[in-house]
Amino acid sequence: PNSWAVFEEVLAEFRQKMKGVPVLTLRQFETYASMCGIISKKEILACSRWFNDIGYIIHYHEPDLVDYIILDPTWIIDIFASLFSFKQNWISDGILYHKDLRQMWKNYPPEIYSHVLFLLEKFEICLQVSPESMQGVLHNIEDYEEHIDDEIVPTLDIYDEDEMLFHPEFINSKHKLTGISLVPENFPEEVPELSGFFFSEEEVGEIYNFDRLYEFSFIPYGFVSRLLVRIVSLSSPKAFWKGGIATFKDDDRFMLQKLDENSISIKFQSLNWIQCRMNISLLLDTLEELIYEWPNIEIERYLLYENEESTEKISIDVIEQLILEGETTVRIGNNKETISKIVPDLTYFNDYVNNVISKVSLNNTGIIGEGGYSLVYKSIYKGDYVAVKELFIVDNDNISKIFREFRQEVLVHTRMEHPCI
């Protein structure tokens with residue numbers, strides 16, 4: 001629309017005048033949009049979404065990000081770069097205390113600090129964490145309290161009042177900077193001492209151990225740091241380094257480590273069988289979701305099976321195919337193992353025996369829906385009409401992705417209590 005083109009020119013003028021901090025509040029953005037003939041909030045947000053999609057501005061509509069519009073995307077890149085190239089090491093071992101933002105970003109108003117941190121989280125560059133979740137790393141709460149900002153930070157008057165490039169909320173407001181963010185790219189290089197992290201059978205008795213190996217054609221730059229951000233958001237870290245993490249999920253132990261440029265190892269321990277099935281599924285699915293955001297990566301997944309003589313690698317693809325064929329066991333060397341015991345993340349729905357019904361007890365009356373990898377039938381079960389979803393595989397290249405999505409859907413339904421499920 002012509003009004004959008006006019007608004008684009010207005011924003012270009014503002015960008016030139018606001019070289020220090022090219023940021024508008026949503027209220028300012030709406031005011032200037034209305035001056036260009038864009039009146040309704042719906043059209044204003046559609047316009048901002050369009051400008052964002054073409055890279056003209058940065059504006060996301062999530063609750064934590066909607067209040068500010070960045071007119072110059074290159075400006076925010078420079079702020080991001082300050083986390084990694086700042087001459088003074090404000091980020092010690094990957095821990096950024098928000099108090100230090102006063103020095104790192106001293107030329108920018110404190111009002112936008114939280115917005116920038118949320119943007120960093122959106123791009124999975126860092127993650128804000130609570131001191132409670134970090135106690136395994138901070139050792140004691142005093143480590144955190146020493147870095148709480150005791151000063152009230154005055155706002156910098158950065159806008160030209162004659163040009164109306166300010167917002168009343170930016171003037172004379174005060175902010176106290178507290179909090180912690182983790183920046184995985186700045187984690188220490190060396191693997192820390194982890195003695196005592198894993199369970200020993202002598203101390204606790206029966207332990208459920210699971211080991212996996214992921215072999216990549218290559219591990220993209222930034223893959224591991226983004227993965228660490230996601231894992232920290234789900235758990236409580238004990239230790240982390242640039243290539244890995246040792247963390248707690250409930251009472252379970254989980255360690256992920258980049259071994260070289262092509263492989264990642266995973267070790268998981270639990271004392272609770274029911275709990276471990278859920279947690280290992282959650283953590284491994286987190287890894288799988290990130291993998292599928294890089295569609296050109298070739299990857300092989302293996303179960304590491306330890307016997308008395310050696311450690312064997314068994315392809316996860318082979319095990320998934322056995323499950324789809326209805327098999328419940330797999331032969332590894334001279335041993336015959338129950339699949340659900342060695343890969344509980346692939347078979348947890350098999351353990352809901354009371355929820356498993358025979359296919360012959362269903363009377364399918366016709367197809368009522370179809371997806372990329374499943375059919376939905378209208379069926380009769382014990383005299384009631386039901387919808388039945390049946391998985392089918394036609395693309396072997398995506399078998400792991402399809403099977404994972406189907407497993408997740410089954411898991412969601414097993415957790416729900418409703419008369420229609």
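A salt bridge is taken here as a side-chain nitrogen of Lys or Arg within 4 Å of a carboxyl oxygen of Asp or Glu. A search of the whole structure finds 12 salt bridges. The structure is a predicted model, in which local features need pLDDT of at least 70 and side-chain atom pairs count only at pLDDT 80 or more, while totals for chains, interfaces and linings use all residues. Residues are numbered from 1 along each chain as its sequence is written, and side-chain values use heavy atoms, with hydrogens and water left out.

Two further conventions apply below. Helices (H or I, at least four residues) and strands (E, at least two) are DSSP runs, numbered from the N terminus. Buried means under 20% relative accessible area, exposed means over 50%, and partly exposed lies in between (1.4 Å probe, protein chains only).

**Salt bridges**

Side chains of opposite charge can pair when their charged atoms come close.

| Pair | Closest N to O distance |
|---|---|
| Glu189 and Lys242 | 3.6 Å |
| Arg226 and Glu293 | 2.8 Å |

Glu189 forms a salt bridge with Lys242. Glu189 lies in the loop between β7 (180-182) and α9, and Lys242 in the loop between β9 (236-241) and β10 (244-249), so the pair ties together parts that are 53 residues apart in sequence. Glu189 is exposed at 60% relative accessible area, whereas Lys242 is partly exposed at 31%.

Arg226 forms a salt bridge with Glu293. This pair links distant parts of the chain, with Arg226 in helix α10 and Glu293 in the loop between α11 (273-291) and β13 (299-306), 67 residues apart. Arg226 is partly exposed, with a relative accessible area of 21%, and Glu293 is partly exposed at 40%. Arg226 and Glu293 are linked with Glu124 and Arg230 in a network of salt bridges.

Helix α6 (residues 113-122) has as its buried residues Tyr113, His115, Val116, Leu117, Leu119 and Leu120.

In helix α2 (residues 26-35), the buried residues are Leu26, Gln28, Phe29, Glu30, Tyr32 and Ala33. What covers them includes α1 (2-17), β1 (23-25), α3 (41-53) and β2 (68-70). Gly37 follows α2 and has a positive phi, near 95°.

**Positive phi in loops**

Most residues other than glycine have a negative phi. Asp250 has a positive value near 60° and sits in the loop between β10 and β11 (252-260). Lys382, also not a glycine, has a positive phi of about 55°. Lys382 lies in the loop between β18 (374-381) and β19 (384-391) and is exposed, with a relative accessible area of 70%.

**Contacts across the sequence**

Contact means heavy atoms within 4.5 Å. Ile219 is found in the loop between β8 (208-216) and α10 (223-234), and is buried at 8% relative accessible area. Not counting residues up to four places away in sequence, Ile219 touches Val224, Lys258, Asp260, Glu261, Asn262, Ser263 and Ile264. Of these, Asn262 is 43 residues from Ile219 in sequence but 5.7 Å away in space, C-alpha to C-alpha.

Lys341 belongs to helix α13 (residues 339-342) and is partly exposed, with a relative accessible area of 48%. Leaving aside neighbours within four places in sequence, Lys341 is in contact with Phe210 and Trp273. Lys341 and Phe210 are 131 residues apart in sequence and 9.6 Å apart in space, C-alpha to C-alpha.

**A negative surface patch**

Glu201, Glu202, Glu203 and Glu206 form a negative surface patch. Patches are made of residues with over 30% relative accessible area and no salt bridge, like charges being joined within 9 Å and nonpolar side chains (Val, Leu, Ile, Met, Phe, Trp, Tyr) within 5 Å. Lys and Arg count as positive and Asp and Glu as negative, while His and the chain ends are not counted. The place of a charge is taken as NZ of Lys, CZ of Arg, CG of Asp or CD of Glu. Accessible areas come from the Shrake-Rupley method with a 1.4 Å probe; for residues, only the protein chains shown count as cover.
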